[in-house]
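Subject: Handover of a structure for your study

Dear colleague,

Please find the structure below, together with its sequence. I would be grateful if you would read the notes that follow with it open beside you.

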Amino acid sequence: MKILFLGDVIGKSGCSLLQKTLPELKRRQGVDVCIINGENSAEGNGITPESAQTLFSAGADVITTGNHVLRRREVYELLDRQTGVIRPANYHRDAPGCGVYTLDLLRFQLCVINLQGQTYMEPCDNPFEVIDRILPTVSTKNIFVDFHAEATSEKIAMGHYLDGRVSAVIGTHTHVQTADERILPKGTAYLTDAGMCGGKNSVLGVKKELIINRFINRLPVRFEYDHEDCEMHGCLIELDEKTGKGIRIERI
């Protein structure tokens, strides 16, 4: 099984980039499942039904999210319908939607789990305890985890904690692709951060001038996404669907 995972998609330009390039990338790489983090796919951050539909039409099978997912109330109904858009599973039980989605492609199943970190993030339930409650309920060995977290140490710890228990742990949120892709000792594919799909010369997807000025004068500023010269970042993972173990991982 080949899984393509793409990091945080930034606004309309990130969505447009995927519409233009993703179908050919999937065909060329022989991708079976495409998972995309879409929590910044709407302009001004967050996700809307419209931006989610754009990602699905571009080729996403499942859309994961993170700490911005509930900023737009119009997405609440979409989350509740459980059509493949999920939010972190360690949110409060009253939050709309859920954090687990199982994709059935007849030849195999893939369970996608979304978690959010605690360090330097908004309060949420302990992701280590929550994943321990989820895993016994999953009926397939093929399990992909998007861990949306700030601290690299927390992401690496989660990778080792789940090594051999899930197929892949891929980090998101910091928008900067890391160079530590590997198969952990017990067979879990791991990458600390997949990066983003957004402006190459931006600061984490935002126009660089705005962020530079904020660092200089410390005055509040309204963020605007940089729509120029966009790049796609993510990773390609190959699994043995019979064992659920990772075989290979490479950055995209």
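Helices (H or I, at least four residues) and strands (E, at least two) are DSSP runs, numbered from the N terminus. This is a predicted model, in which local features need pLDDT of at least 70 and side-chain atom pairs count only at pLDDT 80 or more, while totals for chains, interfaces and linings use all residues. Residues are numbered from 1 along each chain as its sequence is written, and side-chain values use heavy atoms, with hydrogens and water left out.

Let us begin with Asp132, which lies in helix H4. Asp132 counts as partly exposed because its relative accessibility is 29% (buried means under 20% relative accessible area, exposed over 50%, partly exposed in between, with a 1.4 Å probe and protein chains only). Setting aside neighbours within four places in sequence, Asp132 is in contact (heavy atoms within 4.5 Å) with Tyr161 and Arg165.

Helix H4 (residues 127–134) packs against helix H5 (residues 152–161) at an angle of about 25°, and their axes are 11 Å apart. Axes are lines fitted to C-alpha atoms, for helices over the stretch in contact, and angles run from 0 to 180 degrees between N-to-C directions. H4 is therefore roughly parallel to H5 (angles under 35 degrees count as roughly parallel, over 145 as roughly antiparallel, 65 to 115 as roughly perpendicular and the rest as oblique). On the H4 side, Pro127, Phe128, Ile131 and Asp132 meet Glu154, Ala157, Met158 and Tyr161 of H5.

Cys15, Leu18, Gln19, Leu22 and Pro23 of H1 meet Ser51, Thr54, Leu55, Ser57 and Ala58 of H2.

Finally, the largest nonpolar core has 29 residues, and those with the most contacts inside it include Leu18, Leu22, Ile36 and Leu55. A nonpolar core is a set of buried Ala, Val, Leu, Ile, Met, Phe, Trp, Tyr and Cys residues joined through side-chain atoms within 4.5 Å. Strand S1 (2–6), helix H1 (11–29), strand S3 (33–37), helix H2 (49–58) and helix H3 (76–81) each supply at least two residues of this core. H1 gives the most, with five residues. A second, separate core of 21 residues includes Ile3, Leu110, Val112 and Cys235.

Yours sincerely
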